[in-house]
Amino acid sequence: MPLASLHKSAFALKSLITSTALALVLAVSATSVAQAEEITGIVASVDYEDAIIVLEDGSTLILPEDTDTEAYEPGQMIQATYEMDSDGNLIVLELAIAE
């Protein structure tokens with residue numbers, strides 16, 4: 001195979017690999033962003049020990065381990081940003097008392 005053809009083939013392969021890698025990075029980024037959602041609701045109950053909040057509509061929010069669960073109580077309106085895990089659990093990323 002002539003050297004010029006070999007160079008073109010190597011360049012084409014590099015371009016294909018780079019394009020594929022870029023497409024994968026963009027796909028993963030888009031998936032991560034698309035999964036985050038928001039919910040607003042009234043707290044029905046708080047499991048302070050297991051860091052779980054149940055809203056009046058039945059939604060169950062699993063809080064991060066470092067959350068000060070004592071800041072939340074039944075009757076409060078809260079707003080949460082969450083991701084759903086593979087089991088359908090709502091894993092809270094951000095949580096605040098709504099105004």
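The conversation below takes up the labels one after another.

Modeller: A word on the source comes before the labels: this is a predicted model, in which local features need pLDDT of at least 70 and side-chain atom pairs count only at pLDDT 80 or more, while totals for chains, interfaces and linings use all residues. Residues are numbered from 1 along each chain as its sequence is written, and side-chain values use heavy atoms, with hydrogens and water left out.

Biologist: How do you know which elements the chain has, and in what order do they run?

Modeller: Helices (H or I, at least four residues) and strands (E, at least two) are DSSP runs, numbered from the N terminus. By that rule the chain comes to 1 helix and 5 strands, in the order α-β-β-β-β-β from the N terminus on.

Biologist: What makes E1 and E2 paired strands?

Modeller: Two strands pair if DSSP finds at least two bridges between them; E1 and E2 are joined by 4 bridges and run antiparallel, so they pair. Ser-45 stands opposite Val-54 in E2, and the two strands form a hairpin with 4 residues between them, where Ala-51 in the turn has a positive phi of about 55°.

Biologist: In what order do the strands close into a barrel?

Modeller: The 5 strands close in the order E1-E2-E3-E5-E4, with mixed pairing. Neighbouring strands of this sheet are turned by 55° against each other on average, direction ignored, the axes being lines fitted to C-alpha atoms.

Biologist: What makes a set of residues a nonpolar core?

Modeller: The members must be buried Ala, Val, Leu, Ile, Met, Phe, Trp, Tyr or Cys residues joined through side-chain atoms within 4.5 Å, where buried means under 20% relative accessible area with a 1.4 Å probe, protein chains only. Of the 99 residues, 19% count as buried, and the largest core has 14 residues, Ile-39, Val-43 and Ile-78 being among those with the most contacts inside it. Strands E1 (37-47), E2 (52-55), E4 (77-84) and E5 (90-97) each give two or more residues to this core.

Biologist: Which residues does Ile-78 touch?

Modeller: With contact taken as heavy atoms within 4.5 Å, and residues up to four places away in sequence not counted, Ile-78 touches residues including Ile-39, Val-43, Ile-53, Leu-61, Tyr-72 and Leu-95.

Methods. Buried means under 20% relative accessible area, exposed over 50%, partly exposed in between (1.4 Å probe, protein chains only). Axes are lines fitted to C-alpha atoms, for helices over the stretch in contact, and angles run from 0 to 180 degrees between N-to-C directions.
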